[in-house]
Amino acid sequence: RLAMIAIIGMFFQEGITGDIWGGLAKTAKIFAFENERGVQEPVGFWDPLALSSSGDVSTFKRRRTVELKHGRVCMLATMGYITPEVTGKFPGYLSYSANLKFADVPNGLAAISKVPALGWAQVVAYAGFCELSAGSDDWKTGT
């Protein structure tokens, strides 16, 4: 157990200082993004997995754009989970051929087995469209 606590402490230290070894191997790359928007005291630049350790600005901007996009998708998914509970579901059929109404589909993970495969294919196709279309190159221009 002591070893597990020590490892957790090392990860925490790396997240704060960017170096597990207590400052013995620090480089300028670790502090390359200390002045970026979103860096806050007392933690500073938070990169516990050292994804930005290369110091590449283009990669940093792309990852930040992707993080914002995925955060927005997660917010929409949360609202998609909450809204039917509060306001009710659409009237009508989800699938005429399966005689499945929107009201018959439960919320949450239970919906996975109720929605037809072609319905999930549409969801995946739309997610792919969103991922590959608008906003994918914003990191290049800085918008």
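This is a predicted model: local features need pLDDT of at least 70, side-chain atom pairs count only at pLDDT 80 or more; totals for chains, interfaces and linings use all residues.

Modeller: The mean pLDDT of the protein, where pLDDT is the predictor's confidence in each residue on a scale from 0 to 100, is 76, and 71% of the residues reach 70 or more. Over residues 24–28 the pLDDT falls below 50, and this stretch has five contacts in the model beyond near neighbours in sequence, a contact being heavy atoms within 4.5 Å.

Residues are numbered from 1 along each chain as its sequence is written, and side-chain values use heavy atoms, with hydrogens and water left out.

The protein has five helices and two strands, running α-α-β-β-α-α-α from the N terminus; helices (H or I, at least four residues) and strands (E, at least two) are DSSP runs, numbered from the N terminus. Of its 143 residues, 13% count as buried, that is, under 20% relative accessible area, with exposed meaning over 50% and partly exposed in between (1.4 Å probe, protein chains only). Among contacts between residues at least 6 apart in sequence, 34% join residues at least 24 apart.

Turning to the rings, a search of the whole structure finds three aromatic pairs. Rings of Phe, Tyr and Trp (its six-membered ring) pair if their centres lie within 6.5 Å; planes under 30 degrees apart count as stacked, over 60 as edge-to-face and the rest as tilted. In one of these pairs, the ring centres of Phe90 and Phe102 are 5.6 Å apart and the planes stand at 75°, so the arrangement is edge-to-face. The two residues are twelve apart and link distant parts of the chain: Phe90 lies in the loop between α2 (57–87) and β1 (93–95), and Phe102 in the loop between β2 (100–101) and α3 (111–114). Phe90 counts as exposed because its relative accessibility is 61%, while Phe102, at 25%, is partly exposed.

Helix α2 also holds Met79, which is partly exposed with a relative accessible area of 46%.
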